Amino acid sequence: MSPNYQSMDPAVVALQGIAEEACCPTVFDRAAELKPCPIGSTGVCCRMCGMGPCRLVGKTDRGVCGATRATVVARNYTRMVAGGVSAHSDHGRDLARTLIETARGEAQGYRIRDVQKLYEVAEIMEVPTKGRKVEEIAEDVGRKALAQFGQQEGELIYLRRAPKKRQEIWRKAGIAPRGIDREVVEAMHRTHEGVDMDAEHILMQALRCSLADGWGGSMMATDISDILFGTPVPLNTYHNLGVLKEDEVNLIIHGHEPTLSEMVVAVAQTPEMQEYARSKGAKGINLAGMCCTALEVLARHGVPSAGNFLSQEIAVLTGAVDAMVVDVQCIMEALVPVSQRFHTLLITTSPKAKMTGALHIEFDEEHALDIAKEIVKRAVDNFPNRKAKVVIPKVVSPAIGGFSHEYLQYMQGGLHRGSFRPLNDAIIAGRIRGVAGVVGCNNARVPHDEGMMKVIRTLIANDVLVVTTGCTAHASGKYGYLLPEMMRDAGKGLREVCEAIGIPPVLNLGSCVDNSRILTVLSQVATEGGLGQDIGDLPAVGMAPEWMSEKAIAIGTYCAASGVHTIFGVNNIVSGSPEVVEILSKKWDEMLGGTMEFIPDYDEMIQAALAHIDRKRAELGLVPWDPERYGQSGGDELMEKILSLPPEQRYLYSRKVVEERVAEQV
Amino acid sequence: MSRYIATRALRGANMVVREADQLLKQAIAELGPDAKVEFTNTAYFLPVIYGFTGRQVTKLADLEPVLEEAKKLLHPVPKDKNYLPYLGETLDAGVASLLAMEAIEGIRFAKGEEPMPFNWAGKGMVGGSFTSPEFEGAGAGDGRLNGPIDDIQLRAWGIQLVDGRMPGFAAIVGCAKSNEVAVEIVRQLQQRNILVFLSGNVNGRSIIHQLHEEGVEMGYDTYIVPFGLDTMSAIYALGFATRSALTFGGMKGGQAREILLYNKYRVFAFVLALGEIDDLKYAAAAGAISYGFPTIADTVIPQILPTGITSYEHVISMPFDDIEGENDLERAKRLVQRAIEVRGVKIKITEVPIPVPYGSAFEGERVRRADMRIEFGGKNSRCFEYLRMRNMDEIEDHKIVIDGPGFEEVEEGGSMDMGILVEVAGRKMQEDFEPVLERQIHYFINGASGVQHIGQRDITWIRISKAAAQKGFNLKHLGEILYARFHADFGAIVDKVQVTIITDPKKVAEMLEVARKAYDYRNRRLADLTDEAVDTFYSCTLCQSFAPNHVCVVTPERLGLCGAYNWLDCKASYEINPTGPNQPIPKGTCLDPVKGYFTGPNEFVKQHSNGTVEQVALYSIMENPMTACGCFECIMMVIPEANGVMIVSREDPSMTPAGMTFSTLAGMAGGGLQTPGVMGIGKYYITSRKFISADGGLKRVVWMSSILKQQMREELQKAAEREGVPDLLDKIADETICTDVDGLLPWLEEKGHPALMMDPIF
């Protein structure tokens, strides 16, 4: 039977039969039935006022008010950016609040885990630290972070983390964001009916607004999460539905914020809760994550990931999920009917997000531990209610997670010599051709995981080091690409570097807000020397082959504004206006050295990425990439074999001789 | 790292820290916590510990917190599968090993077990004090090895190490394949002035035993220092390195990162691991890598070739039998050569070993026919010079071949054919640099007293005086000069230099053909080097120390105003020093091809002139002209009455039609300010196609210092022809014709100077 489920994930495909049996349609079925609106998908549907919606197709090149296609497409695009920036930044805002409450001792169960990082952030934010208590510093950092949202004038503090040249470019272009909320509000205002009616000008606000995300809300979300929950270091973990356990209480934490999930992790591990689970006939409590929440707790605790965006309903189909706790973003409303069909208890927790038909247990930091306990208890209580046959696909892949930019620096020299010199050296020498951030969502309009994995496979084979976040990080984990052993699929030069450090060719940098880590890494690479002076000088690309959310558009836009050549897949949402296509590519390239392009064909997307990397190499005067130049490192395998020879046979003065002896022994 | 090396180093680190811990406990039980711990005659306590932690260890109890810190740097060995990254962890564990190793040596000193006893048995001794004179019981005759180097010797050697007179040190650990090999390795290092530190053993046998058996003298005087017979004593090499940074780098104890980086950039040391490598050696080697010191092994081990912690490769395996060579001695030589390459040790030759005086003072010296012993080139013979790039493995450093007879048989005053073939290799060498380097042969050879060099390429003309020949100067010495000077002046891009002097007429003819093909190729390439053909210009901000707002934009058709840097030189300079004063400027978009406005240079100049210069027109003197520092070869200024420009040379003290002399004009032209109508330039810019091309080009020149006309007559004539006025030079006035406008105008009228017929310059 050829599956209707358009997915590369065998665990997903395996459960299609269950869904059919239960007459339970999922996202894959709905996508097959409901086609995307052909007008809206090119960006030319304007529904900003009561005179419309105006659909600017065919001979219609102006709306009722006279708005041109370019204006309409630019407005729609900018509103998507504003939506994405709001989501990430609100996440950052909540963490700033949690930090303040923690500092005051008002947040139950929270503490400052990474004092070192607090000091570093305090320094950037110009919060005095000398002779002050950690709590005082933390409160000030939290307040300063919070003030960034309402700030009306000046510039966001974090902009100064960018290379100097980049800051100048922003100032010159007039897109240095003043305050996070202000930029979102202005984006909404300017795209309101009858305000800004020049596509290029409208899109300038999209850029400024997006920077308030990448170098504002998201970056603060990452930093404060590190302060509160610890800066990630590499650890072992697992990916895919096979992490669910038939004989344990399976509790899936799904959504985006780490605040509640951290507490759930803490509570689930207590002997009290484990004992309670046993009293209900389960062998224990098994936590698994989904979407970005998963990546937050994976990076810090190794909590395994059950899957990415398109797997959420499928997880419920296993019949093994006793509770699914969700907070905000990327949660499908379809979870309600699916969980009702099975026994899964769906719990909403955010004061901002309820779902009709789901149980709502509202979360607040003051009672965080108690609420987490109640949630875990509810999950355990639901264990005996399993009714359907439990079918857990035996599909699971081990992986390494937990890379942060702090660790990237550490791993290239240790405590005393950590820097980005080895990476820069490798790029300069051509061992590494370039760096790609392959990130972003799943999208039911294209086969699940297929595009992102094709891109990643091809890039690493071409000596491009890949960093990943979000749903793409999940996918990389599912197919084994987050394992160091996968360096065998990398090009020779990249393999040498992976081998020297002991890393996979694809590095999981965390959740979507952690794309800000990529910005920090790129800034550090640019300032390390030898590769120009700015992010825009680097042989680097950003790609989101299967994007779907507004957040992705916000990320893509702030990448472009930061000097990254950015390529999105699936569908060109600005294709309705060639003028806007031109602005996003050519004009932005001239002004910012970064672009935003939509290339649905994966091969074309890869070619464009490699061509850009090679162009940047040439501009930097670096040697052209040559796949055959390197690869003479290594020899571990031979050494292992030599050790299996009897000592008198180990003639080490000649590789030829000892290789022959090893061969003889075999 | 490779996982294998990481595993073994981490295992070794865990082991040695544990061992140190046990030894310390025993020693404290035996001697008490206050028992003195000190190395021989040093003010830096236990220097590695002091450097990394800032702790001043003077007694056993002081070592306890050190070992606690070491333990924090330890990590478990990587798993067989799904392992976590290991490089940072291994390097940390390497540092932990160094702390533990030095602690162990400290404990041994407390117990009186260091320096290690050694039976010198009457040979291989170095007389007098072997190590520190104050150390009781020291000296080879007293049956001890050296142990750590004392501060006095550190000062004597260290300063030479960090200022480059001494190229580096080799920490040899283990035992060579044979005594013969051991001796040859050490001799090869000695020949290059490289310090040799000996320690360690393989199955109980050390290179110290080998050298001793062969009667090699060891000691400070011979640059060979036997530290000890076990791996622990290798720590003294790193103690020496650490103290170099403390003493000469002005660092303080505890500034670990700064000390390590100082060593990476200033102290050219490497580890030569001879014989099988055990866990502890791997751990110590990991510690050395943090200093930027790579390891070269003569056995089969995994290689770590990517760069970064060290400047070049981290770990190299050169299984001894697999090294190409006729015999073991040759293999030993190659091994040392490779080790030097891997660390990037630059052999610096300060003295050119030839029998005649050498220096730039002799550059202008002439050898007249009457004084001439022999000449190459000129009327009666052929002579050429040709420099080409080769791969590192294709040539041998310091190989000088004379292919054909010497000049001894040629009668006095006679001539013979000669070809000079210089072959260079280097990691940073590029084909583009060949002509730049080849052009240096002229200066290098001219530096020898009694040797004259004229011309270049296949019109080279070299004379050797009778006096020089009498002192013993021969063809080989030409090779010595070139070898020494290329290393000294271009060490950053050249790692190996091989010279072949060809005198066999048939071979001269053959090689000349090869050389001519190369000249031809370069000509065509140089001709292609127009501003349009490249997409990058270069900056020069060398002079910002005194003209902080000045930026030179150097293009293929406009060289730097000082005349010293053309586009290729800047490119080479950037390659040599990527963060230096010559940075690539992407042209960006061409805004005006006539005046020469490009977005790239505009942005760059604005940024690097601190905002004082908004934009620059590369091809105009009238509009946004390029600024100048003060080093210009010439100043040009508009003479409105003549509808043209005048150019005065730095060498011309006379009054000019502008009413000012060079030195008065210099005040207007320099300082990084844009003054339309005035510009400082390099003299070869005058002959460029792009010479104020926006304002009419060479035809605008109405007056020019006569010295320029003389110096560049040929080039100027060609340029005049190109501009369609072949007799232009005769129409340009100079200071011998007039020094004021009143004299200039009638003269121009009389000659019919084209500027008078051109569009108004304003």
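Let's start in a loop: Cys330(A) sits between β7 (321–326) and α14 (335–341) of chain A, where helices (H or I, at least four residues) and strands (E, at least two) are DSSP runs numbered from the N terminus. This is a predicted model, in which local features need pLDDT of at least 70 and side-chain atom pairs count only at pLDDT 80 or more, while totals for chains, interfaces and linings use all residues. Residues are numbered from 1 along each chain as its sequence is written, and chains are lettered from A and ligands numbered from 1 in the order in which they are written.

- Cys330(A) isn't a glycine, yet its phi is positive, at about 65°.
- Cys330(A) counts as buried because it has 24 C-beta neighbours inside 10 Å; the cut-offs are 20 or more other C-beta atoms within 10 Å for buried, 12 or fewer for exposed and anything in between for partly exposed, with C-beta atoms placed from the backbone.
- Asp463(A), also not a glycine, has a positive phi near 65°, and you'll find Asp463(A) in the loop between α19 (450–461) and β12 (464–468) of chain A.
- With 29 C-beta neighbours inside 10 Å, Asp463(A) counts as buried too.
- In chain A, Gly52(A) and Pro53(A) are joined by a cis peptide bond with omega of about -5°, and Pro53(A) belongs to the loop between β1 (45–46) and β2 (54–55) of chain A.
- Chain B has a cis peptide bond between Glu114(B) and Pro115(B), with omega of about -15°; Pro115(B) is in the loop between α4 and α5 (151–163) of chain B.

- Helices α9 (residues 199–229) and α23 (residues 550–561) of chain A have axes that come within 8 Å and cross at roughly 100°; axes are lines fitted to C-alpha atoms, for helices over the stretch in contact, and angles run from 0 to 180 degrees between N-to-C directions.
- That makes α9(A) and α23(A) roughly perpendicular, the label for 65 to 115 degrees, with under 35 roughly parallel, over 145 roughly antiparallel and the rest oblique.
- On the α9(A) side, the residues include Leu207(A), Leu211(A) and Asp213(A), and those they meet in α23(A) include Ala554(A) and Tyr558(A); contact here needs C-beta atoms, placed from the backbone, within 7 Å.

**The contact between the chains**

- Chain B puts 44 residues into the contact and chain A puts in 46.
- On the chain B side, α1 (3–31), α4 (87–111), α9 (256–266) and β17 (584–586) each supply at least two residues.
- α4(B) gives the most to that side, with five residues.

**A sheet in chain B**

- Three strands of chain B form an open sheet in the order β16-β15-β17, with antiparallel pairing; two strands pair if DSSP finds at least two bridges between them.
- β16 (552–554) and β17 of chain B are the edge strands, each pairing on one side only.
- From one strand to the next, the twist averages 40°.
- Strand β15 (residues 536–540) of chain B and β17(B) run antiparallel and are joined by three bridges, and Phe537(B) has Ile585(B) as its bridge partner in β17(B).
- Helix α18 (residues 599–608) of chain B packs on the sheet, touching β15, β16 and β17 of chain B, and its direction makes about 130° with that of β17(B).

How values were computed. Contact = placed C-beta atoms within 7 Å.
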